[in-house]
Amino acid sequence: MRNWKNWLAPIFTCLTVVALALLPLRLSMLQDKTLTGTVHTEPLAEDSNFPAKPPELLRRLQLLAQQREFAETLTIIGQELEGSALTESTELGRRELADLVESGVLPEHLNPDNAELFAGKVYLRDQTDLSGASFVRLDGYDRDSGEYHSLVLDAETELLVELELDSVWILKAPLPDPAALGAAFLDRLGLEYQAVSHDPLLACFRLQGAPVVYYVSISHTTLRIAPWLDWEALELSGSWNEALGSVMDSSISGNRT
């Protein structure tokens with residue numbers, strides 16, 4: 001009997017320690033049960049550096065170019081569109097294609113209504129300054145003409161900022177002029193640019209105010225108009241040297257291992 005009583009103190013001590021260890025978990029479970037089905041919000045601190053609105057179009061185009069050439073500097077979140085969001089984005093893409101036909105960038109025979117489009121949304125955020133932007137990507141195929149479309153729309157302005165079109169019309173005379181197509185495309189966006197170089201199959205435009213260049217290229221039956229990083233401008237500004245250098249170093253060391 002005396003031995004049994006001697007064990008009471010250690011047992012109660014152990015139970016007390018276990019209870020204290022499990023208490024935070026129990027409280028957390030009760031809180032989760034209370035908040036189930038509700039939206040949890042907290043006030044945003046003024047010094048949080050979270051962007052209240054997307055940056056200007058030039059910076060958004062730079063983020064789009066970063067995704068293509070230097071995705072390591074971005075946080076990328078994709079979302080498949082369904083229901084009304086899919087319908088709205090599809091109609092928006094067809095409207096942009098129709099406007100390009102009307103403005104003379106694309107051929108008159110192109111019928112955007114014939115293309116079956118599939119839509120998705122992508123969110124991009126730069127890890128260095130937390131600037132972010134979202135874009136809608138539409139991919140479609142016209143079974144009647146065999147034409148393929150790939151479109152990227154800026155979610156803020158709802159304007160087409162990137163285009164890939166595969167169509168036999170490109171082979172027909174007269175051959176489209178990449179310089180004229182690129183100038184008409186950028187004019188629609190209201191951007192200031194400088195034509196760097198062009199030949200019958202390729203034109204390059206340097207945007208004013210951002211380290212971005214637009215290439216307009218024709219390859220066989222494919223027309224591409226897309227933004228790329230202006231590496232010369234980035235090197236001259238030096239604004240990315242430290243950030244890019246650290247990412248490049250980590251990439252090199254990872255390859256070595």
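Student: How do S3 and S4 pair, and over how many bridges?

Tutor: Look at their directions. In this predicted model, S3 and S4 are antiparallel, with seven bridges between them.

Student: How many bridges join S3 to S2?

Tutor: Ten, and these two strands run antiparallel. Leu-117 has Gly-140 in S3 as its bridge partner. Another pair is Phe-118 with Asp-139 in S3.

Student: Which residue in the hairpin of S2 and S3 takes a positive phi?

Tutor: Leu-130, with a value near 65°. Five residues lie between the strands in this hairpin.

Student: How many residues of S3 are buried?

Tutor: Start with the general idea. In a regular strand, side chains alternate between the two faces of the sheet. Now the case here. Seven of the ten residues of S3 are buried, so S3 is largely enclosed by the rest of the structure.

Student: In what order do the strands of the sheet stand?

Tutor: Nine strands form an open sheet, ordered S1-S2-S3-S4-S5-S9-S8-S7-S6. The pairing is antiparallel. At the edges stand S1 (74–80) and S6 (193–199). Each has a single partner strand, so one side of each is left without a neighbour in the sheet. Neighbouring strands are turned by 20° against each other on average, direction ignored.

Student: How many bridges join S1 to S2?

Tutor: Seven, and the two run antiparallel. Find Gln-79 and look across: it stands opposite Lys-121 in S2.

Student: What about S5 and S9: how many bridges join them?

Tutor: Four bridges, with the strands again antiparallel. S9 covers residues 222–229. There, Ile-225 is the bridge partner of Leu-163.

Student: Which strands does H3 touch when it packs on the sheet?

Tutor: H3 touches S2, S3, S4 and S5. The direction of H3 makes about 105° with that of S4. Helix H2 (residues 57–69) also lies across sheet strands, including S1, S7 and S8. H2 runs at about 105° to S9.

Student: How far does H3 reach from its first C-alpha to its last?

Tutor: It reaches 29 Å with 20 residues. That is close to the 28 Å expected at 1.5 Å a residue. Just after H3, Gly-104 takes a positive phi of about 90°.

Student: Which residues of H3 are buried?

Tutor: General idea first. An α-helix has 3.6 residues a turn, so residues three or four places apart point the same way. Now look for that spacing in H3. Its buried residues include Ser-89, Leu-92, Glu-96 and Leu-100. Among the others are Thr-90, Gly-93, Arg-94, Leu-97 and Val-101. The buried residues of H3 pack against S2, S3, S4, S5 and helix H4 (178–189).

Student: Take Ser-89. What is its relative accessible area?

Tutor: It is 10%. Buried means under 20%, so Ser-89 counts as buried. Ser-89 belongs to H3, which covers residues 83–102.

Student: What does Ser-89 touch, not counting residues up to four places away in sequence?

Tutor: Leu-81, Ala-119, Val-136, Leu-138 and Leu-153. A polar atom of the Ser-89 side chain lies 3.0 Å from the backbone oxygen of Ala-85.

Student: Is Asp-126 buried or exposed?

Tutor: Asp-126 is buried, because its relative accessibility is 0%. It is in strand S2. Its side chain makes a polar contact of 2.7 Å with the side chain of Arg-59. Asp-126 and Gln-67 are 59 residues apart in sequence, with 9.7 Å from C-alpha to C-alpha.

Student: Step back now. How many helices and strands are in the protein chain?

Tutor: Six helices and nine strands. Of the 257 residues, 37% are buried. The chain exposes about 15900 Å², and carbon and sulfur atoms supply 56% of that.

Conventions: Residues are numbered from 1 along each chain as its sequence is written. This is a predicted model: local features need pLDDT of at least 70, side-chain atom pairs count only at pLDDT 80 or more; totals for chains, interfaces and linings use all residues. Side-chain values use heavy atoms; hydrogens and water are left out. Buried means under 20% relative accessible area, exposed over 50%, partly exposed in between (1.4 Å probe, protein chains only). A polar contact is a pair of N or O atoms within 3.5 Å; within protein, one must be able to donate a hydrogen and the other to accept it, and residues adjacent in sequence count only if both atoms are side-chain atoms. Contact means heavy atoms within 4.5 Å. The expected span of a helix is 1.5 Å times one less than its number of residues. Two strands pair if DSSP finds at least two bridges between them. Accessible areas come from the Shrake-Rupley method with a 1.4 Å probe; for residues, only the protein chains shown count as cover. Axes are lines fitted to C-alpha atoms, for helices over the stretch in contact, and angles run from 0 to 180 degrees between N-to-C directions.
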